[in-house]
Every structure is written in C-alpha cells, then in structure tokens.
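Please look over the sequence and the model that follow. The report after them takes up a few residues in turn and then the chain as a whole.

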Amino acid sequence: MKLDQSVNLHGFKSMHPALSEDESVLFYSSNRPGGYGGMDLWYCTIDDYGSLSLPHNLGSVVNTASDEVSPFHHYYTHTLYFSSEGHTNLGGFDIFKTTFNDESEFGFDDSIWSTPANVCQPINSSRDDKFFILSDDQLNGYFSSDREKCEECT
C-alpha cells in the first residue's frame with residue numbers, strides 16, 4: 001500500500017522509513033516543506049487501524065540546515081539513531097543518537113529530544129556512515145559506510 005501525503009507529498013522526496021518496535025510511530029526523512037533545510041527527520045503516529053497522523057518534524061534540536069537521514073528507533077532505550085551532515089562530525093555523514101524523555105498525547109515535541117551525540121569512532125569515519133541498526137540487547141549492530149576497508153566495530 002502506498003503511503004498518503006502524510007509521507008509521500010507530491011514533488012518532494014520521502015525516504016528511509018523506520019517503524020518503531022511497537023509499530024506506533026513511523027520515522028522517515030524528507031525534504032518536504034516545513035523543515036530546517038535539506039532532508040529532515042519527520043514522524044507520523046499510527047493509530048490502531050493503521051492510519052497515519054499528520055507529519056511532524058522532529059525539530060531544530062535534531063534537524064539542521066544540512067541533511068539528516070536514515071532514522072532507526074531503538075525501542076528499549078528510547079533512542080533514535082540517524083545520520084547527519086549538519087551536526088559536528090568526522091566528515092561526510094556521521095551516525096548520531098538522541099533520546100526522548102517523555103511521550104505525551106501530543107507526540108514527540110522539539111523540547112524533549114536530547115542534544116544529538118556523535119557515536120564516534122570506530123563506527124564513524126571521515127566517509128559517509130549511515131543506516132545504523134542495533135539489536136534489542138545492544139550487543140550487535142550494523143551500519144553502512146563508503147570507506148574503503150570496513151574495520152570491525154565492537
């Protein structure tokens with residue numbers, strides 16, 4: 001089923017969908033109007049019937065004038081991982097994490113996201129590092145990178 005204008009707005013890109021573990025929130029990146037520049041991270045809540053809410057931008061704590069892409073929500077730690085060119089990084093896209101402290105009936109709001117933290121080396125490099133995922137127990141994960149030789153990350 002093609003998603004409606006909550007995600008797919010004609011004339012704009014929407015990419016990298018990531019469903020929360022409990023299937024109540026769909027995160028994605030888009031250059032739709034109302035963002036802070038480039039690709040921003042957005043979310044829609046999902047009701048019991050599978051309908052999406054209106055889109056919500058994650059706000060200026062997470063999004064920058066550059067691109068933020070490839071969200072991954074770690075349900076057990078309330079952590080959102082994503083890649084950014086705009087936050088202080090080692091070069092290219094780096095993987096960052098931010099947490100939220102509260103879920104209210106109004107959804108995620110700009111004031112409850114922590115300042116994104118770079119997950120640093122050996123995961124990040126001077127190249128593009130994206131699409132980070134982490135197991136429930138936080139002991140194993142994967143990411144993609146365009147570096148020439150992938151170093152083992154522990």
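Glu23 is placed in the loop between strand E1 (14–19) and strand E2 (25–30), where strands (E, at least two residues) and helices (H or I, at least four residues) are DSSP runs numbered from the N terminus. Asp22 lies in that loop between E1 and E2 too, and Asp22 counts as partly exposed because its relative accessibility is 39%. Although Asp22 and Tyr75 are 53 residues apart along the chain, their C-alpha atoms are separated by 7.7 Å.

Glu21, Asp22, Glu23, Asp136 and Asp137 gather on the surface in a patch of negative charge. A patch is made of residues with over 30% relative accessible area and no salt bridge, with like charges joined within 9 Å and nonpolar side chains (Val, Leu, Ile, Met, Phe, Trp, Tyr) within 5 Å. Asp and Glu count as negative and Lys and Arg as positive, while His and the chain ends are not counted; the place of a charge is taken as NZ of Lys, CZ of Arg, CG of Asp or CD of Glu.

## Ser126

Ser126 lies in the loop between strand E8 (117–118) and strand E9 (129–134), and Ser126 counts as exposed because its relative accessibility is 53%. If residues up to four places away in sequence are not counted, Ser126 touches Leu90, Gly91 and Gly92, a contact being heavy atoms within 4.5 Å. The C-alpha atoms of Ser126 and Leu90 are separated by 5.0 Å, with the two residues 36 apart along the chain.

## Two salt bridges

A search of the whole structure finds two salt bridges, each being a side-chain nitrogen of Lys or Arg within 4 Å of a carboxyl oxygen of Asp or Glu. Arg127 forms a salt bridge with Asp146, in which the closest N and O atoms are 3.6 Å apart. This pair links distant parts of the chain, since Arg127 is in the loop between E8 and E9 and Asp146 is in the segment after strand E10 (141–145), 19 residues apart. Arg127 counts as partly exposed at 33% relative accessibility, and Asp146 is partly exposed with a relative accessible area of 35%.

The side chains of Asp129 and Arg147 also meet in a salt bridge, at 2.8 Å from N to O. Here too the pair links distant parts of the chain, with Asp129 in strand E9 and Arg147 in the segment after E10, 18 residues apart. Asp129 counts as buried at 0% relative accessibility, and Arg147 counts as buried at 12%.

## The chain as a whole

The protein chain has zero helices and 10 strands. Buried residues make up 38% of its 154 residues, and of the contacts between residues at least 6 apart in sequence, 40% join residues at least 24 apart. The protein chain exposes about 8,700 Å², of which carbon and sulfur atoms supply 50%; accessible areas come from the Shrake-Rupley method with a 1.4 Å probe, and for residues only the protein chains shown count as cover.

Residues are numbered from 1 along each chain as its sequence is written, and side-chain values use heavy atoms, with hydrogens and water left out. As this is a predicted model, local features need pLDDT of at least 70 and side-chain atom pairs count only at pLDDT 80 or more, while totals for chains, interfaces and linings use all residues.

Technical notes
Buried means under 20% relative accessible area, exposed over 50%, partly exposed in between (1.4 Å probe, protein chains only).
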